[in-house]
Amino acid sequence: MRPEDVPHGPIEQSRFFHVSGISMALSSSACDAVFAAMQVARNAGTQVSLDANVRLRLWPPARARQILTQAVQRCDFFMPSEEDMQADRKSTRLNSSHRT
């Protein structure tokens with residue numbers, strides 16, 4: 001999926017639009033499409049919710065953190081699970097251990 005594939009009409013006519021971190025982890029173009037859809041929703045006054053669904057096997061921890069941080073800033077509701085929060089703490093420790 002690419003940003004130009006985002007169906008504006010259904011998003012603009014909705015009260016809520018829900019996105020998942022898994023969709024953003026699949027590919028760069030899918031990630032861009034999710035951000036484009038979030039912008040369509042925001043422009044239409046549609047409230048955006050985000051479930052992080054952190055799956056570190058799908059993307060490097062640093063990229064997950066960068067993208068999800070941007071996504072959280074663009075959503076109205078953020079719903080991380082306890083596992084998502086643990087994955088963030090674990091990846092922080094992993095990243096810290098690689099610094100010299």
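These are my notebook entries on what I looked up in this predicted model.

**Entry 1: the overall layout**

I started with the secondary structure. The chain has five helices and three strands. Reading from the N terminus, I get the order α-β-α-α-β-α-β-α. Next I checked burial: of the 100 residues in the chain, 33% are buried. I also looked at how far contacts reach along the sequence. Taking contacts between residues at least 6 apart, 82% of them join residues at least 24 apart.

**Entry 2**

I then went into the β1 and β2 pairing. Strand β2 covers residues 47-51 and pairs with β1 in the parallel sense over five bridges.

**Entry 3: Ser 49**

Is Ser 49 buried or exposed? Its relative accessibility is 11%, and the cut-off for buried is under 20%, so Ser 49 counts as buried. I listed what Ser 49 touches, leaving out residues up to four places away in sequence: Phe 17, His 18, Val 19, Phe 77 and Met 79.

**Entry 4: the aromatic pair**

I looked for ring pairs and found one aromatic pair in the structure. Phe 16 and Phe 77 make up the pair, with 6.4 Å centre to centre and 45° between the planes, which is a tilted arrangement. I checked accessibility for both. Phe 16 is partly exposed at 47%, and Phe 77 is partly exposed as well, with a relative accessible area of 37%.

**Entry 5: the nonpolar core**

I turned to the largest nonpolar core, which has 24 residues. Which members touch the most others? I noted Ile 11, Met 24, Phe 35, Met 38 and Trp 59. The elements giving two or more residues to this core are β1, α2 (21-26), α3, β2 and α4. Helix α3 gives the largest share, eight residues. A reminder to myself: nonpolar side chains tend to be buried together in soluble globular proteins.

I followed up on Trp 59. Not counting residues up to four places away in sequence, Trp 59 touches Gly 21, Met 24, Ala 25, Ala 64, Ile 67 and Leu 68. One of these, Met 24, was already on my list of core members that touch the most others.

**Entry 6: salt bridges**

How many salt bridges does the structure hold? I count three.

I took the pair Arg 42 and Asp 76 to begin with. Their closest N and O atoms are 2.6 Å apart. Arg 42 lies in helix α3 (residues 28-44), while Asp 76 is in the loop between α4 (61-73) and β3 (77-78). The pair therefore ties together parts that are 34 residues apart in sequence. Arg 42 is partly exposed, with a relative accessible area of 38%, and Asp 76 is partly exposed at 35%.

The other entries on my list involve Arg 2. Salt bridges with shared partners join Arg 2, Glu 4 and Asp 5 into one network. Between Glu 4 and Arg 2, the closest N and O atoms are 3.0 Å apart. Between Arg 2 and Asp 5, I have 3.3 Å for the closest N and O atoms.

I finished with accessibility in this network. Glu 4 counts as exposed at 57%. Arg 2 is partly exposed, with a relative accessible area of 42%, and Asp 5 is partly exposed at 34%.

Terms used:
Residues numbered from 1 in each chain as written. Predicted model: local features only at pLDDT ≥ 70, side-chain atom pairs only at ≥ 80, totals over all residues. Heavy atoms only, no water. Salt bridge = Lys/Arg side-chain N within 4 Å of Asp/Glu carboxyl O. Buried < 20%, exposed > 50% of the residue type's maximum accessible area, 1.4 Å probe, protein only. Helix = DSSP H or I, 4+ residues; strand = E, 2+ residues; numbered from the N terminus. Pairing = 2+ DSSP bridges. Contact = heavy atoms within 4.5 Å. Phe/Tyr/Trp six-rings, centres within 6.5 Å; stacked < 30°, edge-to-face > 60°. Core = buried A, V, L, I, M, F, W, Y, C linked by side-chain atoms within 4.5 Å.
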